Amino acid sequence: PQGIGSPSVYHAVIVIFLEFFAWGLLTAPTLVVLHETFPKHTFLMNGLIQGVKGLLSFLSAPLIGALSDVWGRKSFLLLTVFFTCAPIPLMKISPWWYFAVISVSGVFAVTFSVVFAYVADITQEHERSMAYGLVSATFAASLVTSPAIGAYLGRVYGDSLVVVLATAIALLDICFILVAVPESLPEKMRPASWGAPISWEQADPFASLKKVGQDSVVLLICITVFLSYLPEAGQYSSFFLYLRQIMGFSSESVAAFIAVLGILSIIAQTIVLSLLMRSIGNKNTILLGLGFQILQLAWYGFGSEPWMMWAAGAVAAMSSITFPAVSALVSRTADADQQGVVQGMITGIRGLCNGLGPALYGFIFYIFHVELNELPMPESPPGGSVVTQYHLQQNSIIPGPPFLFGACSVLLALLVALFIPEHTNLNVRSSNWKKHCGSHGHPHSPQAPGEAKEPLLQDTNV
């Protein structure tokens, strides 16, 4: 097969790192361009752009995953990376086209889905979770450094250099896939599959969601995930813009905030999570994570000073333990042949939230007239405390109403999670699912049923 060496997890890690390092460089320039392009209703337009992108990703992820099962992973890695990074050079050419292409690129912004399928091809089941963890950690690592580098280069040399550098890194990623990444799907699997039809069940993004009501415990878990991840998806789509425009953070302060939050989240999801799981149990860990999420969202909603944002960010890192704990609960309570089905439901709901959350937050900002007449002064101190008059703070005692709405949503999730039993056996009827997965299964890759057919894993938020 074309490529350097045999397929390995490190090929997938490099692809992910380069793609998101390129986008991380553009964090600060994007916030400025967004406000300049949409001076009126900035948050609403940002929510619509990210919402359209998220919904298109949710709708297209199963189809792209199913096609990669037939035509191979390498070609779809190339396709997803190319179209995901295509908007980058347009930032300085035409901002309007830049945001339009970002919205449409959601159809192909599912690199993680193809990467996880690539990893599943080349790993055994017992080592797959560690490989997925390595890929996710690489994603977080790429965003720890790149926003700070982009902010520094933009301040010293201008945003045009940052866009050129990000474009060059994206091209390097494409060249790496073309030259170095070998195909992970064996040749003997592909010729026989070229004529294989793609069924609607494989391409249906709502296939996993249709099974939600078949078991009461699954229903409780899915409602918990929906109510807790909906505000999280909306928060990460607009929060850095909120820091920049409403709280008066400088570009360097936003980059530092992302780096600190990323590092604390990695620590929370590894060391702290394992300690909590052993000491207080799975369900209590979920409840604790939801409690931290309520606290940080309320803090974001009522906070009016930069130091409050930093303090709430530390709490937000602790709240990141919720979803890994939910996944662990599902894997422990579901039967061996039900793992892919139930995990597919949860990732499907997360994908749906990635589309609904940003649009919802933008709409709430619009309803409460959260707009800014001017950007903060560029020469703001590192701590982000800049003396700027915001009409929002003059007219409202709640600086961030969407975050307060999110806290209420997570409170409902906490109440629902109280009824989830600690130990039970999930029973999801999936005979058609298992029959469908068995027809195109890979004998070399002993994975859980539905795992390769439900590639709805979204690009994980830091």
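Me: Why is His-41 called partly exposed, rather than buried or exposed?

Reply: In this predicted model, His-41 has a relative accessible area of 35%. Buried would require a value under 20% and exposed a value over 50%, so a residue at 35% is classed as partly exposed. His-41 is placed in the loop between α2 (27-37) and α3, and its phi is positive, at about 55 degrees, although His-41 is not a glycine.

Me: What makes α3 oblique to α4?

Reply: The axes of helix α3 (residues 42-71) and α4 cross at roughly 140 degrees and come within 7 Å. Roughly antiparallel is kept for angles over 145 degrees, and roughly perpendicular for 65 to 115, so α3 counts as oblique to α4. On the α3 side the contact is made by Ile-64, Gly-65, Leu-67, Ser-68, Asp-69 and Trp-71, which meet Arg-73, Ser-75, Phe-76 and Thr-80 in α4. Sorted by class, the contact of α3 with α4 has four nonpolar, four polar and two charged residues.

Me: How do you know that Thr-84 is buried?

Reply: The relative accessible area of Thr-84 is 5%, and the limit for buried is under 20%, so Thr-84 is counted as buried. Thr-84 has its place in helix α4 (residues 73-85), and, when residues up to four places away in sequence are not counted, Thr-84 touches Glu-19, Trp-23, Phe-108, Ala-109 and Thr-111.

Me: What makes the approach of the Thr-84 side chain to the backbone oxygen of Thr-80 a polar contact?

Reply: The side chain of Thr-84 reaches that backbone oxygen of Thr-80 at 2.5 Å, and a polar contact calls for a pair of N or O atoms within 3.5 Å, one able to donate a hydrogen and the other to accept it.

Me: Why is Thr-285 called buried, and which residues is Thr-285 in contact with?

Reply: Thr-285 has a relative accessible area of 0%, and since buried means under 20%, Thr-285 belongs among the buried residues. The place of Thr-285 is in helix α13 (residues 282-302). Leaving aside neighbours within four places in sequence, Thr-285 is in contact with Leu-273, Leu-276, Met-277, Ile-280, Ile-321 and Ala-325. With Ala-325, which is 40 residues away along the chain, the C-alpha separation is 6.6 Å.

Me: Why does Asp-204 count as buried?

Reply: The relative accessibility of Asp-204 is 5%, and because the limit for buried is under 20%, the conclusion is that Asp-204 is buried. Asp-204 is found in the loop between α10 (200-203) and α11, and, with neighbours within four places in sequence left aside, Asp-204 is in contact with Pro-62 and Lys-210. The C-alpha atoms of Asp-204 and Leu-63 are separated by 7.4 Å, although these residues are 141 apart along the chain.

Me: How do you know that Gly-248, a residue in a loop, counts as buried?

Reply: Gly-248 lies in the loop between α11 (216-245) and α12 (251-279), and at 0% relative accessibility Gly-248 falls under the 20% limit, so Gly-248 counts as buried. Gly-248 and Pro-306 are 58 residues apart in sequence, while their C-alpha atoms are 7.7 Å apart in space.

Me: Which class do Cys-175 and Cys-353 fall into, and how many disulfides does the structure hold?

Reply: Cys-175, with a relative accessible area of 44%, is partly exposed, because this value lies between the limits of 20% and 50%. Cys-353, with a relative accessible area of 0%, is buried. The structure holds zero disulfides, and a disulfide would need a pair of cysteine sulfur atoms within 2.5 Å.

Terms used:
Residues numbered from 1 in each chain as written. Predicted model: local features only at pLDDT ≥ 70, side-chain atom pairs only at ≥ 80, totals over all residues. Heavy atoms only, no water. Buried < 20%, exposed > 50% of the residue type's maximum accessible area, 1.4 Å probe, protein only. Helix = DSSP H or I, 4+ residues; strand = E, 2+ residues; numbered from the N terminus. Contact = heavy atoms within 4.5 Å. Axes fitted to C-alpha atoms, helices over the stretch in contact; angles between N-to-C directions. Parallel < 35°, antiparallel > 145°, perpendicular 65-115°, else oblique. Nonpolar A, V, L, I, M, F, W, Y, C, P; charged D, E, K, R; others polar.
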